[in-house]
Amino acid sequence: MNATLACVLVLAAGTYAFRLAGPVLHGRVALPARVQELLTVGATVLLVALLATGALTEGQGFPGWARPAGVLLGGILAWRKAPFVVVVVGAAAATALLRLAGVP
C-alpha cells in the first residue's frame with residue numbers, strides 16, 4: 001500500500017467518523033448556548049473568508065473588478081433570500097456581462 005492510498009483511507013475514516021458522531025451523540029451531549037453561538041459565528045467567518053479569497057484572488061494577483069462585482073450581486077441576492085439557482089445565475093450573468101462590456 002503506498003502513502004497516497006493510506007492518506008486517502010485515513011481521511012475517509014475521519015470523515016465517516018465526523019458524519020457518524022452527529023447521530024450517535026445527538027441528545028447525549030448538550031452544548032451551552034454560548035458555545036452554539038460561537039460555532040455559528042465561526043462557521044460564518046469561515047464562509048466569508050472563503051468567499052473573499054475566491055472573489056479577490058486569482059493566482060498571485062487581483063482578478064479584476066468583474067468577479068468581485070458578480071460575487072457582491074450573488075451575496076445581495078442570497079441575503080434577500082433568493083432561490084439558490086437565481087443567486088448562482090445572477091452572479092454568473094453579472095460577471096459575464098461586465099466582462100463582455102470590457103471590465104477586467
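Mentor: Helix 4 covers residues 84-100, 17 residues in all. Helices here are DSSP runs of H or I with at least four residues, numbered from the N terminus. From first C-alpha to last, helix 4 reaches 24 Å, close to the 24 Å expected at 1.5 Å a residue. That expected span is 1.5 Å times one less than the number of residues.

The model is predicted, so local features need pLDDT of at least 70 and side-chain atom pairs pLDDT 80 or more, while totals for chains, interfaces and linings use all residues. Numbering runs from 1 along each chain as its sequence is written, and side-chain values use heavy atoms, without hydrogens or water.

V87, G90, A91, A94 and T95 are buried. Buried means under 20% relative accessible area, exposed over 50%, and partly exposed in between, with a 1.4 Å probe and protein chains only. Seen down the axis, the buried residues fall within an arc of 125°, so they line one face of helix 4. The arc is taken over directions from the helix axis to the C-beta atoms. Helix 3 (66-79) is among what covers these buried residues. On the other side of helix 4, V85, V89, L97 and L100 are exposed. Just after helix 4, G102 takes a positive phi of about 100°.

Next, the surface. Y16, L20, V24, L25, V29, L31, V35 and L39 form a nonpolar patch with about 720 Å² of accessible area together. Such a patch joins nonpolar side chains (Val, Leu, Ile, Met, Phe, Trp, Tyr) within 5 Å, from residues with over 30% relative accessible area and no salt bridge. Areas come from the Shrake-Rupley method with a 1.4 Å probe; for residues, only the protein chains shown count as cover. Helix 1 (3-25) and helix 2 (33-56) each supply at least two patch residues. Helix 1 gives the largest share, four residues. L31 sits in the loop between helix 1 and helix 2. L31 is partly exposed, at 43% relative accessibility.

Last, the charged pairs. The whole structure has two salt bridges, each a side-chain nitrogen of Lys or Arg within 4 Å of a carboxyl oxygen of Asp or Glu. R34 pairs with E37, closest N and O atoms 3.4 Å apart. These two are three residues apart in helix 2, about one helical turn. R34 is exposed at 52%; E37 is partly exposed at 45%. R67 pairs with E58, closest N and O atoms 2.8 Å apart. R67 is partly exposed at 22%, and E58 is partly exposed at 46%.

Technical notes
Contact = heavy atoms within 4.5 Å. Patch = residues over 30% accessible without salt bridge, like charges linked within 9 Å, V, L, I, M, F, W, Y side chains within 5 Å.
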